[in-house]
Amino acid sequence: MIFSELGLGPEVLRAIEEKGYTQPTPIQEQAIPWVLQGRDVLGCAQTGTGKTAGFTLPMIDILASGRARARMPRSLILEPTRELAAQVAESFETYGKHHKLNMALLIGGETFTEQVKKLDRGVDVLIATPGRLIDLFERGNMMLNDIKVLVIDEADRMLDMGFIPDIERIVSLLPKNRQTLFFSATMPPEIRRLADAFLQNPREVTVAPPASPSETVTQAMVLVQEQDKRKALRHLLRTEDVKNAFIFCNRKRDVAVVQKSLEGHGFNAGALHGDMPQHKRTETLELFKRGDITLLVCSDVAARGLDVQGLSHVFNFDVPLHAEDYVHRIGRTGRAGRMGRAFTIAGPEDGKLVAAIARLIKRDIPMIAIDGLESATFEEGEGRRGRFGRGRPPRGGDERRGAEDRPRRDERPRREERAERAERDDRPPRREEREERPERPTERERDRAALSEARREPPRRDRDRRRRRDEDDDDEPVVGFGDHVPAFLLRAARPRPEPSGGDTSQEG
DNA sequence: AAAAAAC
């Protein structure tokens, strides 16, 4: 099968040819003809299967006739992350180069003015993340009742990220008479239910990933002490023939730490996570794609969907918390039939997570040792991360006692100095200048604070989610806490002791 | 144990 047999127009075909493609992927081959006929499509496919072009190509063709009116976009594509949205925009630019389609990319983290201007000019293709779309809609910057084609991409990921209430709201604003394309990598019942609600008599198109990661990705794991993980990573980076790699961390904090550490050791590493300013995210990804940065330390913002061609390696600096994420992460390499290598650095506490991954992928990940680094072993049972902090006493008790008689490094002398100054100036010392630390709340005050914390109204989005859940299982009686406040609530709301500089574990 | 997405 070649592209010209799918029914696409000459301009689109020319753009495809100029890009150097001749053969459609299975998902494109199956989906494009139906989309061109105006049918709804339910696509079960992951990124890397050519799914994006599977909907952008026929959409360009469909939208070629007709013109958009100001503030009345003609099509809408919803994406879970900003990077994915930008990627789809690129696809429209590449294949729509011989059409004059107006496109707007509505994502957070960027100024409104440019996006509003585009809407005013009229857009044929609107690509958006849900938050910014709703924001702009509520500000009255657009109408959604002229949408002819709706695409919901990565639906299962939207579900994971709690976007479904937003998606339902957006869909409720669209005309009933429209074409809907719905894509998801997996089809759990919840997603199936949504598809039933959004689609009319859809054609189902399912493609397996080109090759399951276990075939093209060589996997290995090292098990070391927590404090040796960076060393282990450096060793792997030096001994492996790394062309370019993602290095995944579980926390944004650690993304920054690992990136700095690598840079300090002379590696060419950038960082990517959701708390970075958008321009930084875009810029870093661009540098990485160009090869100016060879290592990208990232959070799971990059775990799915991002289509960076030809990663030679993926490193998991942390074992992912959810086994499916392991599959998504290592799936960034070994794409399109190429070989890739994936290394996971595990710590002694990760036994459970590793077992869950092995169960999911139905095989064990081979363990390798690192020269000059002692291998660790997995802890038995629940470890210190078990339910109520077995193994390590909860913070609080020791620190509280210590605060009375132990000067806290740096702060205490300075505070004394300031108190003296206040005395000289003959004015009452400000709170931070007072000798004694502010009084600790009594047990009862803490309980009261915790209660009011727990009762406070959750933010809007959470409230919506909760309401939906309540609707779903309304036959379940709601049981309150009564007068009893469980210990974990109090613990969660207790003010955290400030970091105390020195190593307190020696003293307690 | 987290991350993502609106200001």
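The following questions and answers concern a predicted model.

In this predicted model, local features need pLDDT of at least 70 and side-chain atom pairs count only at pLDDT 80 or more, while totals for chains, interfaces and linings use all residues. Residues are numbered from 1 along each chain as its sequence is written, chains are lettered from A in the order in which they are written, and side-chain values use heavy atoms, with hydrogens and water left out.

Me: How many helices and strands does chain A have?
Reply: Helices (H or I, at least four residues) and strands (E, at least two) are DSSP runs, numbered from the N terminus. On that basis, chain A has 20 helices and 13 strands.

Me: What percentage of the residues of chain A count as buried?
Reply: A residue is buried under 20% relative accessible area, exposed over 50% and partly exposed in between, with a 1.4 Å probe and protein chains only. Chain A has 508 residues, and the buried share is 44%.

Me: What share of the contacts in chain A with a separation of 6 or more comes from residues 24 or more positions apart?
Reply: A contact means heavy atoms within 4.5 Å. Among contacts in chain A with a separation of 6 or more, residues 24 or more positions apart account for 76%.

Me: What span does helix α13 reach from its first C-alpha to its last?
Reply: The expected span of a helix is 1.5 Å times one less than its number of residues. Helix α13 covers residues 278–290, 13 residues, for which 18 Å is expected. The span reached is close to that value, at 18 Å.

Me: Why do the buried residues of α13 line one face of the helix?
Reply: The buried residues of α13 are Q278, R281, T284, L285 and F288. Seen down the axis of α13, they line one face because the directions from the axis to their C-beta atoms fall within an arc of 130°.

Me: Which elements are included in what covers the buried residues of α13?
Reply: The face of α13 turned away from its buried side carries the exposed residues H279 and R290. The cover over the buried residues includes α4 (82–95), β9 (245–248), β10 (269–272) and β11 (295–298).

Me: How far away is the cysteine sulfur nearest to that of C249?
Reply: A disulfide is a pair of cysteine sulfur atoms within 2.5 Å, and the structure holds zero disulfides. C249 is in no disulfide, and the nearest cysteine sulfur, that of C298, lies at 7.6 Å.

Me: Is C249 buried or exposed?
Reply: The relative accessible area of C249 is 0%. C249 therefore counts as buried.
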